[in-house]
Amino acid sequence: MAGITQDWEPVVIRKKAPTAAARKDEKAVNAARRSGAEIETIRKSTAGSNKAASSSTSLNTRKLDEDTENLAHEKVPTELKKAIMQGRMDKKLTQAQLAQIINEKPQIIQEYESGKAIPNQQIITKLERALGVKLRGKK
């Protein structure tokens, strides 16, 4: 029995290395200073702000800035808004009454008569039926 030897390697169990957030922790930095370890501090120029996202003009932003084309929604033609007003006056209806007849908000009638609305064929059809006036077909 004199020739028996150990045939295994020793196993060393260690703590997990600290994460980046833990290394930046104030306690960890102070402990490193006390032990004499070298500490490097770097000040980031855009830290705590959103400058990086907005300061540089991207390719898409530049294209939009250089674009000279004016884009606008189609508005109600003058003939249509006058025809709606005339038809409503002939029936002696207020904007609110006409809106109730076609099941829409009074604001929609107001927008159509002021020319601010974006033309919707379904609403124009409802107006034609309610007023008994042909509003389309003159285009």
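**Notebook: a helical protein**

**Starting point.** I began with K92, which is placed in the loop between α5 and α6; helices (H or I, at least four residues) and strands (E, at least two) are DSSP runs, numbered from the N terminus. I noted that this is a predicted model, in which local features need pLDDT of at least 70 and side-chain atom pairs count only at pLDDT 80 or more, while totals for chains, interfaces and linings use all residues. Residues are numbered from 1 along each chain as its sequence is written, and side-chain values use heavy atoms, with hydrogens and water left out.

I then looked up the backbone of K92 and found a phi near 55°, a positive value in a residue other than glycine. Its relative accessibility is 73%, so K92 counts as exposed; the terms are buried for under 20% relative accessible area, exposed for over 50% and partly exposed in between, with a 1.4 Å probe and protein chains only. N103, in the loop between α6 and α7, also has a positive phi, of about 60°, although it is not a glycine, and at 65% relative accessibility N103 counts as exposed.

**Overall make-up.** How many helices and strands does the protein have? I find eight helices and zero strands, and the pattern read along the sequence is α-α-α-α-α-α-α-α. Of the 139 residues, 17% are buried, and the protein exposes about 12400 Å², of which carbon and sulfur atoms supply 51%; these areas come from the Shrake-Rupley method with a 1.4 Å probe, and for residues only the protein chains shown count as cover. Among contacts (heavy atoms within 4.5 Å) between residues at least 6 apart in sequence, 49% join residues at least 24 apart.

**Confidence.** I checked pLDDT, the predictor's confidence in each residue from 0 to 100, and its mean over the protein is 81, with 83% of the residues reaching 70 or more. Helix α3 (residues 51–54) has the lowest mean pLDDT among the elements, 58, whereas α6 has the highest, 94. Where pLDDT is low, the predicted coordinates should not be read in detail.

**The nonpolar core.** A nonpolar core is a set of buried Ala, Val, Leu, Ile, Met, Phe, Trp, Tyr and Cys residues joined through side-chain atoms within 4.5 Å. The largest one here has 18 residues, and those with the most contacts inside it are I84, L98, Y112, L127 and L135. Two or more residues come from each of α5 (78–90), α6 (95–101), α7 (106–114) and α8 (121–131), and α8 gives the most, with five residues.

**Helix α8.** Which residues of α8 are buried? I list I123, I124, L127, E128, A130 and L131, and the buried residues of this helix pack against α5, α6 and α7. An α-helix has 3.6 residues a turn, so residues three or four places apart point the same way. At the start of α8, a side-chain oxygen of N120 reaches to within 3.0 Å of the backbone nitrogen of Q122, and after the helix comes G132, whose phi is positive, near 70°.

E128 counts as buried because its relative accessible area is 15%, and beyond residues up to four places away in sequence E128 touches V133, K134, L135 and R136. R88, found in helix α5, is buried because its relative accessibility is 8%. What does the side chain of R88 reach at 3.0 Å? I find the backbone oxygen of L93 at that distance, and, not counting residues up to four places away, R88 touches L93, T94, Q95, L98, E113 and L131.

**Last look-ups.** V76, in the loop between α4 (59–66) and α5, has 6% relative accessibility and therefore counts as buried. The C-alpha atoms of V76 and K116 are separated by 6.6 Å, although these residues are 40 apart along the chain. Leaving aside neighbours within four places in sequence, I see V76 in contact with K81, Y112, G115, A117 and P119. Helix α2 (residues 26–35) lies largely in the open because one of its 10 residues is buried; G36 follows α2 with a positive phi, near 90°.

Definitions and conventions: A polar contact is a pair of N or O atoms within 3.5 Å; within protein, one must be able to donate a hydrogen and the other to accept it, and residues adjacent in sequence count only if both atoms are side-chain atoms.
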